Amino acid sequence: MRHIFLAALLAAAVVTAPLVPAAAQPGHAPAELGQAVARDLPELMTLYRDLHAHPELSMQETRSAGLLAAEARRLGFTVTEHVGGTGVVAVLANGPGPVLLLRADMDALPVEEQTGLPFASNVHGTTREGLATAIMHACGHDTHMATWVGVARRMAAMRSQWHGTLVMVAQPGEETSQGAKAMLEDGLFTRFPHPTHAIAFHDSATLPAGMIGYSDGPALANVDSVDMLVRGVGGHGAAPNTTRDPIVLAARIVTSLQTLVSRELDPLDSAVVTVGSFQAGTKHNIIPAEARLLITVRSYTPEIRRQLLDGIARIARGEAIAAGVPEDRMPVVTVREAEATPATVNTQALTHQTMDRFRAHFGAQRVQLTRPVMAGEDFGRFRLASPGLESLIFWVGGVPQARWDAAQNGGPPLPSLHSPFWAPDAERVIATATEAMTVAALGVLQRR
Ligand SMILES: [Zn+2]
Ligand SMILES: [Zn+2]
């Protein structure tokens with residue numbers, strides 16, 4: 001993420017931000033909602049600390065799912081478990097009207113926690129790839145789950161103030177980009193009411209706690225993983241003339257790939273091509289037969305994604321021809337389509353309507369337009385699976401104010417999401433997000 005440049009601006013704004021502004025939306029009063037959430041907060045924080053101390057890896061979120069399912073059932077939702085693995089779908093039908101999907105993700109990360117929090121995780125587990133690891137909620141999905149429960153409580157309690165159908169989704173496997181796909185393939189849009197709108201939020205490590213950030217249009221990127229096998233002709237390191245050196249060739253390819261974004265893309269478009277791994281050879285004096293490159297490709301539109309992927313294949317082949325590699329030893333370029341994450345795009349009508357409501361509810365100074373990020377998020381799959389779906393993901397700042405202020409004054413740098421040191425001001429995140437998601441939901445479900 002890269003909206004650090006906003007730091008000073010936001011810091012100035014948030015210090016004076018009122019918790020409860022004066023303006024009201026029809027159907028609910030900001031102060032009342034804030035007070036109701038404040039009453040729920042101690043229990044939500046207990047749940048949060050419990051979830052934080054018991055993190056679960058992607059597609060293994062059985063305990064977390066069970067807690068959320070039980071809570072939704074208690075509130076009167078019709079709950080279905082094991083959707084796409086460990087996913088939970090909780091439906092509250094409340095008359096005719098829009099169908100709103102609210103999503104929280106449940107998975108934690110293979111990270112060893114170093115926050116020093118009294119409820120820090122010391123849980124260990126095994127990834128699906130068989131890797132033994134410590135586990136931590138280093139992306140804040142525990143705040144998302146506690147908020148999911150908070151919103152379910154508010155919407156159940158306020159059901160006389162809205163109409164339509166609420167479909168609350170607790171999604172597994174966001175970090176591995178498997179969960180949304182697995183739930184869709186398991187009938188999320190066919191076995192349950194088909195949503196007209198979908199909303200999610202994510203805690204942010206680049207906004208002070210309690211701030212709301214949003215992007216107008218693309219919010220998160222297309223993420224593609226590309227494997228490249230660069231083939232040459234191996235031989236003795238002292239006789240390069242008898243070989244076609246794949247290391248020199250792969251090095252040229254790496255250099256040429258840098259021109260895809262810098263020379264071929266419209267300068268006003270954004271994209272990333274990063275070679276994250278370059279592996280070849282075993283010994284000083286052997287020219288190997290192969291080199292391997294692992295590349296991550298980020299973009300916001302299908303057209304630019306295609307342009308970059310085609311460009312990578314073209315450059316690989318072109319450099320191999322220039323190096324005199326025989327036709328049957330051309331590079332093998334594999335796009336890992338099954339692991340691709342599509343861009344998450346905020347649709348205009350829902351985004352503008354919701355942000356107007358947030359400004360009225362929280363005060364304009366707590367709502368900031370932020371730049372899109374090049375990270376991936378599989379929430380975008382819901383919109384792609386349902387053309388016409390109105391979709392919005394927004395950020396809720398999580399950086400504790402004291403740490404934020406210190407960082408602005410030359411103090412220690414702020415940890416990012418996925419850092420073993422990421423310790424959000426969970427109380428402020430959950431309170432803000434519960435209010436925000438409820439305001440957003442009421443906005444959709446009050447429409448005629
Ligand atoms: Zn994450
Ligand atoms: Zn996340």
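Start by selecting Thr127, which counts as buried because its relative accessibility is 12% (buried means under 20% relative accessible area, exposed over 50% and partly exposed in between, with a 1.4 Å probe and protein chains only). Before you go on, note that this is a predicted model, in which local features need pLDDT of at least 70, side-chain atom pairs count only at pLDDT 80 or more, and totals for chains, interfaces and linings use all residues. Residues are numbered from 1 along each chain as its sequence is written, chains are lettered from A and ligands numbered from 1 in the order in which they are written, and side-chain values use heavy atoms, with hydrogens and water left out.

Stay with Thr127 and colour by secondary structure: this residue sits in the loop between β4 (124-126) and β5 (132-134). Helices (H or I, at least four residues) and strands (E, at least two) are DSSP runs, numbered from the N terminus. Which residues does Thr127 contact, leaving aside its neighbours within four places in sequence? Show Leu57, Gln60, Pro110 and Thr133; contact here means heavy atoms within 4.5 Å.

**Next stop: ligand 1**

Select the zinc ion (ligand 1). Its donors are Cys139 (SG), Glu175 (OE), Glu175 (OE) and His418 (NE2), at 2.0 to 2.6 Å. Donors are N, O and S atoms within 2.8 Å of the metal (3.2 Å for Na, K and Ca), and water is not among the atoms, so sites may look incomplete. Along the chain, the donors of this zinc ion are spaced C-x35-E-x242-H. Cys139 lies in the loop between β5 and α4, and His418 in the loop between α10 (401-408) and α11 (426-445), so the pair ties together parts that are 279 residues apart in sequence.

**Across the bridge: ligand 2**

Keep Cys139 in view, as this residue bridges the zinc ion (ligand 1) and the zinc ion (ligand 2), which lie 3.1 Å apart. Now select the zinc ion (ligand 2), where Cys139 (SG), His141 (NE2) and His202 (NE2) coordinate at 2.0 to 2.4 Å. In sequence, the spacing of these donor residues is C-x1-H-x60-H.
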